[in-house]
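Dear colleague,

I am handing over the structure below, together with some notes on what was found in it. Please read the notes with the coordinates open beside them.

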Amino acid sequence: MPSVLLILASFYGVMSLVTFCLYGIDKSAAKCNKWRVRESTLHLMSLLGGWPGAILGQKVFRHKTKKRFFRSMFWLTLILNFVLFYGMYSLIFRTI
């Protein structure tokens, strides 16, 4: 059981780091009028567990904080991640 939690925590940590970096890359690209990271990619990364890095990236880079639709979709991905996490958690620990 502890190894499953360690794997899950590591996965969330890696996804958060990658997502945080993507927010930084996108903010830098926005300033320089270069190729941007798709919003759908940022949302997918949040959905897959990178939401802590997304929150931190939004705060640190002050990026995507004024776009109401983006923020709404972000919070939806966070809620969906919690639902998926709970489902996985229930499935794993019911079988152990």
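Just after helix α1, N33 takes a positive phi of about 55 degrees; please keep in mind here, as throughout, that this is a predicted model. Among the buried residues of α1 are L8, Y12, M15, L22, Y23 and D26.

Three salt bridges are present in the structure. One of them joins D26 to R36, with 2.8 Å between the closest N and O atoms, and it links distant parts of the chain, since D26 belongs to helix α1 while R36 sits in the loop between α1 and α2 (39-61), 10 residues apart. D26 counts as buried because its relative accessibility is 0%, whereas R36, with a relative accessible area of 35%, is partly exposed.

The residues E39, K64 and K67 are linked in a network of salt bridges. E39 pairs with K64, the closest N and O atoms lying 2.9 Å apart; E39 is in helix α2 and K64 in the loop between α2 and α3 (68-95), so this pair ties together parts that are 25 residues apart in sequence. The side chains of E39 and K67 also meet in a salt bridge, at 2.4 Å from N to O, and because K67 lies in the loop between α2 and α3, this pair ties together parts 28 residues apart in sequence. As for accessibility, K64 is buried at 9%, while E39 at 26% and K67 at 42% count as partly exposed.

Note on methods
Residues numbered from 1 in each chain as written. Predicted model: local features only at pLDDT ≥ 70, side-chain atom pairs only at ≥ 80, totals over all residues. Heavy atoms only, no water. Buried < 20%, exposed > 50% of the residue type's maximum accessible area, 1.4 Å probe, protein only. Helix = DSSP H or I, 4+ residues; strand = E, 2+ residues; numbered from the N terminus. Salt bridge = Lys/Arg side-chain N within 4 Å of Asp/Glu carboxyl O.
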